Amino acid sequence: MKKIALRSTLTKMMAGILTVSLLTGCGSNLTPTTQTEDSAKDVKEEAGVSIDTSTMTPWLNSNIIGIVTDETNPDLKDDFYLNVNHDYFMDVSLRPGYSNETPIFDAADTVKKRCLDILADKTLDKRDAKLPQSFYELFLDWETRNEQGVEPLMFFFDKLRNISSLEELNEYMLTDDYFVYGNYLANVNVGTNTDDSTLYQVDIYSTTLSLLDSAEYQELTEEGKRRNTYNEGAAKYMLGRLGYSEEEIAKLIENQFSFEKKIAASMKTRFEQSDPGFVKESINPVTMEDLKEMSPNYPLPQYMEKFGYSDSKLINVNEPAWLKGLNEVYTEENFDEIMAYVTVQAAVSFITFVDEDAYRTSQKLSREYSGISESKSDEDAAYDATMDLFSDNVSRIYIEKYLNEDIKKEITDICQDTIDTYKEMLDTIDWLSEETKEQAKYKLENIVIHAVYPDKWPDDSMYYVTPKEEGGTYLQAMIDYAKSDHEEELTHINGKVDKELWGINILSTNAYYNPTNNSINIIPGFFCDATYRSDMSIEEKYGALGSVIGHEISHAFDTNGAQYDADGNVKDWWTEEDYAAFMDRADKMVEYYDGVVAFDDGTPIKGQLIQTEAIADMAGFKCMLIMAKKIDGFDYDKFFRANAKLWARAGTLEFMEKCALTDPHPLHYLRGNVTMQQFDEFYETYDIKEGDGMYIAPEKRIAVW
């Protein structure tokens, strides 16, 4: 979904810097050691952390970089994932700026190299080239950025410092200057209506918290402590640059946290939001008159009227309890804390968008947060920023240079074959009634396949970049983009959703299912040797890209996707008995994952958080196995190994702990091993017996489908 105002755009991109350094990253503080029985508890000596691997069950968490050694090489019957990927773990190293490594990043490297060639090719003279090329150049224009420093921001923070009451703050919030530079306590954007996915609605989401998860304000996790350290470091630096004294800074940070804690008390935690019931709980249609009653203190209705959202016939409040709680604490009594929140949030959001000293400070803080020793190059960071905003422009050139109809047809055919096989799979489900099966098949028949690239693109004529030679600057380019983004967003209010538009970056390293338009998206940014080559054997294609396609289709029937119908509307299409049976099976999976121990410091695996992705992994795998039975001489060993290699991943302990607390996917070693354990073909291929580490008794298997 699009965000509004420069503050939101900056926050998104700053979060991207943290996220990219987590999802992509370099050199680790963790160096491999020889892991004998005596040394198993001290594989992170260099980082000063001791890991007691004996606490890990049912397998070693081999995704923590450095934990695998020559002697940590179990038989495939005991730990298939580690056995297949052992050599990978022994040789892997983290690239600059990355806190984890996986073969799938090879796809990102291939795409990036090609896109950087496009950004460097000055013979390309059309708008699609000029826009991203100019923005990329402005990012790297340190001379101009250093000349400007924080001066372009001073007027805004000077104004904030002179505000002495909530009334004055509310008035300033309704100005164009604040809209561009400031921070709001409610996030408003335009999304898709849940009852009718052909219509747009205005969505109102809860306050952005510096620790992201409201649960962190009850008890800080290790991840929360690391993020808090980053936020405090960034706040101290930026506020100091903006002229605040050490005493003022300390008080601002203290008050900001205090206010966020008050708001967090009325907000759903990340864990609560992962509950399947939250899909319907988050549907709360309101009118502008309702909002005026719900938000008497915080100027949300006035904001919507001022900036064009109040005309929408459809408005939804994601968390009514949050809005009630916000208005209870948005009072003159808490004025100092409210001002601290808007001041600190705004200051931190600009740290990567002003001069080089600020940017390098952010990089240092990000390295400490992520557990990495080296930042990515400026060129790589400029590339990421450019693709965040102008991916469509680059993609259209990329398609002409590197893609063709043959690739699109092959991927489309695999998707369609997988959809057809799902229909067959449904017929084998004995706990599902015929009524629900027919509805599920109808949903399958209406899945939209987004393979490789779209045939239609959105209008982006309102976006522009003033080039460096015409006086453009990076900060101004960001301001101009945010204004255009808002202009584009308002065109959708009370309009119809054009479902021919994909609305995605096709060059991102991703593949996914979108429940709001019932589409699977298998895009070129995900293609690489680990997932797809035209010369792969059929077993490798099924084990890698095929299993991913099956996974994405399965999201139509996970605990969230099952609540959306064939048209992308939230609607009950299951019988009550069938849905109860489905949730019982899902609960069994949650219980299993809750019992996994992947760390020795108490960081939990939360089954509820990862259940949708775990369900999809297993269903996609089952679909590929059904397709395999139709092929004479199918080599199951190649298939299983290709899948295990697909999920190879090594990362810092910090990254893995963050994944366990925030990522809806299981850790990759669990995606590999737990999925395979569910299927007879795996046991038959490798003669897995009771007593082997990969064995689960049939009655204890947890595959939902």
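Visitor: In which loop does P58 lie?
Guide: In this predicted model, local features need pLDDT of at least 70, side-chain atom pairs count only at pLDDT 80 or more, and totals for chains, interfaces and linings use all residues. Residues are numbered from 1 along each chain as its sequence is written, and side-chain values use heavy atoms, with hydrogens and water left out. Helices (H or I, at least four residues) and strands (E, at least two) are DSSP runs, numbered from the N terminus. P58 belongs to the loop between α1 (5-23) and α2 (80-91).

Visitor: Is the peptide bond that joins T57 and P58 cis or trans?
Guide: Most peptide bonds are trans. For the bond between T57 and P58, omega is about 0°. That bond is cis.

Visitor: What is the phi of L212?
Guide: Most residues other than glycine have a negative phi. L212, in the loop between β3 and α9, is not a glycine, yet its phi is positive. The value is about 70°.

Visitor: Is N494 buried, partly exposed or exposed?
Guide: N494 is located in the loop between α21 and β7 (511-514), and also has a positive phi, about 65°. Buried means under 20% relative accessible area, exposed over 50%, and partly exposed in between (1.4 Å probe, protein chains only). At 38%, N494 is therefore partly exposed.

Visitor: Which residues does N334 touch, not counting those up to four places away in sequence?
Guide: N334 sits in the loop between α15 (320-329) and α16 (335-349), and its relative accessibility of 9% makes it buried. Contact means heavy atoms within 4.5 Å. With residues up to four places away left out, N334 touches K262 and V329.

Visitor: Which residues of helix α6 are buried?
Guide: Helix α6 spans residues 151-161. Its buried residues have a cover that includes α7 (166-173), α8 (176-181), α9, α16 and α21 (474-490). The buried residues themselves are L153, M154, F156, F157 and L160.

Visitor: Are α9 and α17 roughly parallel or roughly antiparallel?
Guide: Axes are lines fitted to C-alpha atoms, for helices over the stretch in contact, and angles run from 0 to 180 degrees between N-to-C directions. Angles under 35 degrees count as roughly parallel, over 145 as roughly antiparallel, 65 to 115 as roughly perpendicular and the rest as oblique. Helix α9 (residues 222-241) and helix α17 (residues 356-370) pack at about 165°, their axes 9 Å apart. They are therefore roughly antiparallel.

Visitor: How do the residues of the contact of α9 with α17 divide?
Guide: The contact includes Y230, A234 and Y237 of α9, together with T361, S362 and L365 of α17. Ala, Val, Leu, Ile, Met, Phe, Trp, Tyr, Cys and Pro count as nonpolar, Asp, Glu, Lys and Arg as charged, and the others, Gly among them, as polar. The division is 7 nonpolar, 4 polar and 5 charged.

Visitor: How are α9 and α10 oriented to each other?
Guide: Helix α10 covers residues 246-264, and its axis is 10 Å from that of α9. The packing angle is about 140°. The two helices are therefore oblique.

Visitor: Which strands stand at the edges of the sheet?
Guide: Two strands pair if DSSP finds at least two bridges between them. The open sheet has 4 strands with mixed pairing, in the order β2-β3-β5-β4. Each edge strand has a single partner, so one side is left without a neighbour in the sheet; these strands are β2 (187-192) and β4 (285-286).
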